[in-house]
Amino acid sequence: MGNDLWSSKIQGPLTLDLSREIRFRNDRKELLLDLLGLENGMTIVDVGCGPGALTRKLSSWLSEKTHIIGIDRDVEFIKYAAEKANKYGYTNIKYREGDALIIPLKDNSVDACTSHTVIEHVPNKEFLSEQKRVCRKNGVVSVMFSAAKNAISTTPYMFPEQTAREKELWGIFDEAFKQVNKEHINRNLWVGFSKLPKLFEELDFKNIIVDGIAMPTVIDDDRNSVEEKLFIVNVREKQCLETLKIGIDLLKNNVNKKEVNELENLIKERFKKRKSIIKEKIKKWEVYIAFIYIVRGTVS
């Protein structure tokens with residue numbers, strides 16, 4: 001049986017996929033490709049690819065001669081990613097189940113490795129060393145880390161706010177979610193912003209760069225069409241409902257079905273109101289700006 005820990009207990013495929021779809025928007029294509037050092041014709045590995053959002057973006061941004069490999073140890077992510085790539089005709093992507101610390105590829109076999117919000121969950125040095133192993137000379141290794149604690153966010157940043165009753169019902173799952181985080185997320189692995197480029201240096205990478213990208217999600221921004229605004233709200237709704245499903249599974253269905261149904265209805269009603277506000281062209285100016293910290297080095 002494959003590993004499905006992350007997708008079944010922490011973040012479901014839909015939750016991660018849709019949030020990455022918003023984060024890796026097409027208007028950020030040139031900036032991201034430049035900072036990650038990715039070019040047409042490369043063989044590129046996305047280490048810890050999750051449900052495959054970044055691999056699909058790279059496939060659409062680069063030529064068909066570019067080969068993209070998505071690797072993740074969660075079998076459900078790999079299954080989801082492969083099915084979606086097949087559905088939309090991304091023929092230059094391959095997915096493989098594998099550990100980020102034991103990448104199932106030969107030495108000196110790829111041109112680039114990249115990752116997004118993975119390094120903070122694994123021993124940093126081993127993570128980078130393994131990518132250096134599989135990269136050819138002059139290949140590039142890049143790391144993207146989401147500095148969530150440094151995000152700019154209005155309070156509340158989601159409108160309408162949860163009602164007191166919705167908050168109360170979510171409380172049913174608090175202990176289960178806290179226990180999962182305690183058991184499976186080690187927050188002491190991240191070396192930190194200043195030490196990460198130093199680690200690249202210690203591992204003998206050259207041409208090390210440090211950069212960052214502000215990634216805003218502001219529904220009422222006039223660059224967003226009504227359809228794009230509704231898409232963002234639909235993403236949030238689907239993420240909430242998937243989180244609810246994970247919570248139910250964590251409690252092994254030992255929950256009051258009436259309360260679960262009530263919570264689901266409250267979630268749907270809240271998002272229905274938000275969609276109605278958008279259609280009425282009323283602005284609420286919810287602001288959320290995430291910061292992505294990027295370090296990149298070249299294999300010497």
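Modeller: Let me start with Phe 205, which is buried, with a relative accessible area of 5%; buried means under 20% relative accessible area, exposed over 50% and partly exposed in between, with a 1.4 Å probe and protein chains only. This is a predicted model, where local features need pLDDT of at least 70 and side-chain atom pairs count only at pLDDT 80 or more, while totals for chains, interfaces and linings use all residues. Residues are numbered from 1 along each chain as its sequence is written, and side-chain values use heavy atoms, with hydrogens and water left out.

Colleague: What lies over the face of Phe 205?

Modeller: Lys 132 does, at 5.8 Å from the ring centre, where the rule asks for NZ of Lys or CZ of Arg within 6 Å of the ring centre and within 35 degrees of the ring normal.

Colleague: And how many aromatic pairs are there?

Modeller: The count comes to seven aromatic pairs, taking rings of Phe, Tyr and Trp (its six-membered ring) with centres within 6.5 Å, and calling planes under 30 degrees apart stacked, over 60 edge-to-face and the rest tilted. Phe 200 and Phe 205 have ring centres 5.0 Å apart and planes at 50 degrees, so this pair is tilted. Phe 200 is buried, with a relative accessible area of 0%.

Colleague: Which residues form one aromatic cluster?

Modeller: Phe 145, Trp 190, Phe 193 and Tyr 293 form one.

Colleague: Switching topic, how many cavities of 30 Å³ or more are there?

Modeller: There are two. On a 1 Å grid over the protein atoms alone, a cavity is a set of points where a 1.4 Å probe fits but cannot get out, and lining residues have an atom within 4 Å of a point; points are joined across faces, edges and corners, and a volume is the space filled by probe spheres set on them.

Colleague: What lines the largest cavity?

Modeller: Its volume is about 40 Å³, and the lining consists of Arg 25, Pro 216, Val 218, Asp 221, Arg 223 and Asn 224.

Colleague: How many residues of helix H2 are buried?

Modeller: Eight of the 11 residues in H2 (residues 13-23) are buried, among them Leu 16, Asp 17 and Arg 20.

Notes
On a 1 Å grid over the protein atoms alone, a cavity is a set of points where a 1.4 Å probe fits but cannot get out, and a pocket is an open set with protein on both sides within 12 Å along at least five of seven lines; lining residues have an atom within 4 Å of a point. Helices (H or I, at least four residues) and strands (E, at least two) are DSSP runs, numbered from the N terminus.
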